[in-house]
Structure formats: structure tokens, C-alpha cells
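Here are a few exercises to work through with the structure open beside you. Try each task before you read its solution.

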Amino acid sequence: MEESGAIKKFMYLNRKAPYGTIYALESLEVVLIGAAFDQEVSLAFVDDGVYQLKKDQKTTVNSGIGMKDFSKTYRALEDYDIDKLYVEKRSMEARGLREEDFIVPVQIIDSAQLSALMAQQDVILSF
Amino acid sequence: MKFGILVNEGPYQHQASDSAYHFTKAALEKGHEIFRVFFYHDGVNNGTRLTVPPQDDRNVINRWSELAKQYNLDLVVCIAAAQRRGILDENEAKRQGKDAYNLADGFRISGLGQLIEAGIQSDRLIVFGD
């Protein structure tokens, strides 16, 4: 199983808001680099992490906090064959968000489903 | 068992590096293998040799360096995260035209691929963070 040719299930668990701390941005950097390794990858968004996928982020100097809006990078994930994006339902609803508020297509799942998915993973990188 | 370790927080500010150190040391003493310790986010600050903690406190950086020496550990600091935060080795300082470097003994700077590889090669990847 540990041979270099083996394919593992990697889940990136995103828990933090996109700005305020650098976790979300640097998590996305790992996802992009990791895509070159041909593993089975999924991303899950929970707690304030659901804000990472919010449409219409305005963060630049003229319209916001003077930071680069990196949310468009999530749209590039499908070019890397990363299409399993999960949003935890209660986190989404608690923040007044709906499926149509997200910048990319996602699957809305409840915490029991997320828990079951996590149990199937070989590696969970929690940011 | 073969472990990979990910340290996502800086020294002193956060317990994560202490916990990672104690876990790593205990695992090695029990005869387990540590494939690699990877430092990311503010975790890269565990790799600066310019840290000067008070004398009656633990020295988080030296502790990692000594463990690396004793067990031939692979301590890897993420280059992208390190450059943002001013952690440089001699080569990188030269390349970036900086007048100093600060990477501590026993650490090396490399890319995020080393983290993914640790995930692939280890039986368990343990994340220490916030």
C-alpha cells in the first residue's frame, strides 16, 4: 500500500474564513501542488470555511481590505480534475448561505455524511 | 508504524509545535519511524536559528535541531511559506539578494510536494495546528 505508485484518498478540510488568516490561501496552494501527484482528492468546507467559496468577494484596495481575491482559483480546480467539493449543510445555513451563493458547483452534505467521507480517507489535511 | 508530521503553527505562540515535538520524540523512542516533519503556515518559524527565548524556558528550535541530529530526522520547511515570513537558507538568501540567512541546523527548505509525498509514503499523517 505504501509503494510510490499507490493512490491514496486525500481530503482537504477547510475550516477558516478566506481572509483574516492565511490558512485558506495556503491550503489552496497545497491543493494545487498536490494535484500533480495524481491522488484521489476532495475538498470539504465546514464552519467559516464555507465563506471561502462565496461569490463576489471584493477584497482589493479600491473595494475592500487591500488583498488579492483568490476565490477565482477555486474555479480552476476542475482543470486539475478536482471536482469533489463538499459543503457542510449546517455550516452553510448558519451563515445564511445557499448553494447558489458559491463560485463553483458543490455537493451539500450533512455532518453525518461528511463524517462517513472522512472515515474513508487515507490522509486528511485540516486547515 | 511510519508517521508523517505536519506542523502548522509557530513556536511559543501556539502549543502545536510543542505537541508535535513531544509526539515525534515519543514515537521515535517507541521505535516508530518518522518519514518527515513538514513545517507550513507560521510553522516555518520553528526553523529560524535567530530565536532567543528566555533562559528558563524551553528552546523550541534547538529541541527540533537536536532531535533531528539524534535520529537523522528529515525536517522540511515549506519554501513558499518560508519566503513570505523571512525564513531563508544560505542559497536562497543569495538568490534573493538578501544580506542574511537564518535557517536552523537540521532543517532544510523545500516545496509543498514534500508534504504530499509524506502523505503518500506514511501510514499516518498527523496534523498539528489550530
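**Exercise 1.** Work out whether A:Glu26 is buried or exposed.

*Solution.* Start with the cut-offs: buried means under 20% relative accessible area, exposed over 50%, and partly exposed in between (1.4 Å probe, protein chains only). A:Glu26 comes out at 0%, so it counts as buried. This is a predicted model, where local features need pLDDT of at least 70 and side-chain atom pairs count only at pLDDT 80 or more, while totals for chains, interfaces and linings use all residues. Residues are numbered from 1 along each chain as its sequence is written, chains are lettered from A and ligands numbered from 1 in the order in which they are written, and side-chain values use heavy atoms, with hydrogens and water left out.

Next, look at what A:Glu26 touches, with contact meaning heavy atoms within 4.5 Å. Leaving aside residues up to four places away in sequence, its partners are B:Tyr40, B:His41, B:Ala81, B:Arg84 and B:Arg85.

**Exercise 2.** Find which helix holds A:Glu26, and what covers the buried residues of that helix.

*Solution.* First, the helix: A:Glu26 sits in H1 of chain A. (Helices, H or I with at least four residues, and strands, E with at least two, are DSSP runs numbered from the N terminus.) Then check its length: H1(A) has 12 residues and spans 16 Å from first C-alpha to last, close to the 16 Å expected at 1.5 Å a residue; the expected span is 1.5 Å times one less than the number of residues. Among its buried residues are A:Tyr23, A:Ala24 and A:Leu28. Finally, the cover includes strands S1 (9-14), S2 (40-45) and S5 (123-126) of chain A, along with helices H3 (79-85) and H5 of chain B.

**Exercise 3.** Explain why H5 (residues 113-121) of chain B is described as largely enclosed.

*Solution.* Count the buried residues: eight of the nine are buried, so the rest of the structure largely encloses H5(B). B:Leu115, B:Ile116 and B:Ile120 are among them.

**Exercise 4.** Classify the ring pair of B:Phe3 and B:Phe23.

*Solution.* Phe, Tyr and Trp rings (six-membered ring for Trp) pair if their centres lie within 6.5 Å; planes under 30 degrees apart are stacked, over 60 edge-to-face, and the rest tilted. There are 10 aromatic pairs over all chains. In this one, the centres are 5.2 Å apart and the planes at 85°, so the pair is edge-to-face. B:Phe3 is in strand S1 (residues 2-7) of chain B and B:Phe23 in helix H1 (residues 16-29) of chain B, 20 residues apart. As for burial, B:Phe3 is buried at 9%, whereas B:Phe23 is partly exposed at 29%.
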